[in-house]
Amino acid sequence: MQDRKLDTSVILSGLKLDNPVVPASGTFGYGNEYKDFYDINILGSFSFKGTTREPRFGNPTPRIAECTAGMINAVGLQNPGIDAVIGEELPRLKTFFRKPVIANISGFSIEEYAYCCERIDREEQVGIIEVNVSCPNVRHGGMSFGTSPEAAAEVTRAVKAVTTKPVYIKLSPNVTDIVAIARACEEAGADGICLINTMLGMRIDLKRRRPVIANTMGGFSGSAIFPVAVRMVYQVAKACRIPVMGCGGVETARDVIEMMMAGATAVQVGAANLRNPYASKQIVEELPREMERLGIERLSEIIGCVE
């Protein structure tokens, strides 16, 4: 093994990634916040902040709560809006990131999803469009589209009708049957599935006898949800023919390999970036050493190897 070059690359819907490590949307901004910590070109790619048609301030504060082995957030899709992302963020990103980026798009109606995806599809630097139908932190939108096979399929069809680039649908774990929703998206034309988004959680301030965060509930993320994510990635990868991007509680190179064995082609790193800005960098650097320890020569060969 030591005499051979270990191959960390994967192919995601025709896009070659140097490695499968992809910081998750909402934890990496538009890349600018992290470029001063390290050269983010070492990443496979990254998914930028969830973008909507209009600028959003997000939910009232406080909107972050700590938990054992995780955190709850109710940021509420704070973003500058699609015009600012195309006019300001992507041109700035191009000055320091040389790889195709994953564009995360959120919406509050079918029309908004289609409008934003059609706009972002024209951007040269966007390699994959990730459609978020699974945000638990906003009312009247987001997760409401991702908890029913019919609604998720409707969004998928609308977006695919106006785009040319691969479309991945990001699904919510807050459902009874994740496979039914993933299959509905596949049948509607999705090129891939991303899962899981955050689970729904809540903390209470015992002295105040009130919820810790202003939104009452929010998205629970962190290492505590990793086993749920692995289970859902495994189920969907076995049931669908399209690739899966795994996400949820990933903190180490071993987590990446475990999720790939469950069926993920690429693996997103979320909450770990908020606690440690070098988390994704450290995972990328540790991957070859972990491959060597486990006798893995090519990462692509272990995708879905668990029966």
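A residue is called buried when its relative accessible area is under 20%, exposed when that area is over 50%, and partly exposed in between, with a 1.4 Å probe and protein chains only. Thr-52, at 1% relative accessibility, therefore counts as buried.

This is a predicted model, in which local features need pLDDT of at least 70 and side-chain atom pairs count only at pLDDT 80 or more, whereas totals for chains, interfaces and linings use all residues. Residues are numbered from 1 along each chain as its sequence is written, and side-chain values use heavy atoms, with hydrogens and water left out.

**The chain as a whole**

- The secondary structure comes to 8 helices and 15 strands, where helices (H or I, at least four residues) and strands (E, at least two) are DSSP runs numbered from the N terminus.
- The radius of gyration of the chain, 18 Å, agrees with the value near 19 Å that a compact globule of 307 residues would have; the radius is taken over C-alpha atoms, and the globule rule is 2.2 Å times the number of residues to the power 0.38.
- Along its principal axes the C-alpha trace spans about 60 × 50 × 40 Å, and 58% of the 307 residues count as buried.
- Of the contacts (heavy atoms within 4.5 Å) with a separation of 6 or more, 72% are accounted for by residues 24 or more positions apart.

**Surroundings of Thr-52**

- Thr-52 lies in the loop between strand 3 (21-23) and strand 4 (64-67), and its side chain is joined to that of Asn-79 by a polar contact of 2.9 Å.
- A polar contact is a pair of N or O atoms within 3.5 Å; within protein, one must be able to donate a hydrogen and the other to accept it, and residues adjacent in sequence count only if both atoms are side-chain atoms.
- Apart from its neighbours within four places in sequence, Thr-52 is in contact with residues including Leu-77, Asn-79, Phe-108, Glu-112 and Cys-116.

**Helix 2 against helix 3**

- The axes of helix 2 (residues 110-121) and helix 3 (residues 149-160) come within 8 Å and cross at roughly 35°; axes are lines fitted to C-alpha atoms, for helices over the stretch in contact, and angles run from 0 to 180 degrees between N-to-C directions.
- At this crossing, Ile-110, Tyr-113, Ala-114 and Cys-117 of helix 2 meet Glu-154, Val-155, Ala-158 and Val-159 of helix 3.
- Arg-157 also has its place in helix 3 and is partly exposed, with a relative accessible area of 48%.
- Arg-157 and Tyr-30 are 127 residues apart in sequence, and their C-alpha atoms are 27 Å apart in space.

**Helix 4 and its ends**

- Helix 4 (residues 178-187) is mostly covered, with 7 of its 10 residues buried, namely Ile-178, Val-179, Ile-181, Ala-182, Ala-184, Cys-185 and Glu-186.
- These buried residues pack against helix 3, strand 8 (167-170), strand 9 (192-195) and helix 5 (226-239).
- At the start of helix 4, a side-chain oxygen of Asp-177 reaches to within 3.2 Å of the backbone nitrogen of Val-179, while just after the helix Gly-189 takes a positive phi of about 110°.

**The segment before strand 1**

- Leu-6, placed in the segment before strand 1 (10-12), is buried, with a relative accessible area of 16%.
- Leu-6 and Lys-35 stand 29 residues apart along the chain, and their C-alpha atoms are separated by 26 Å.
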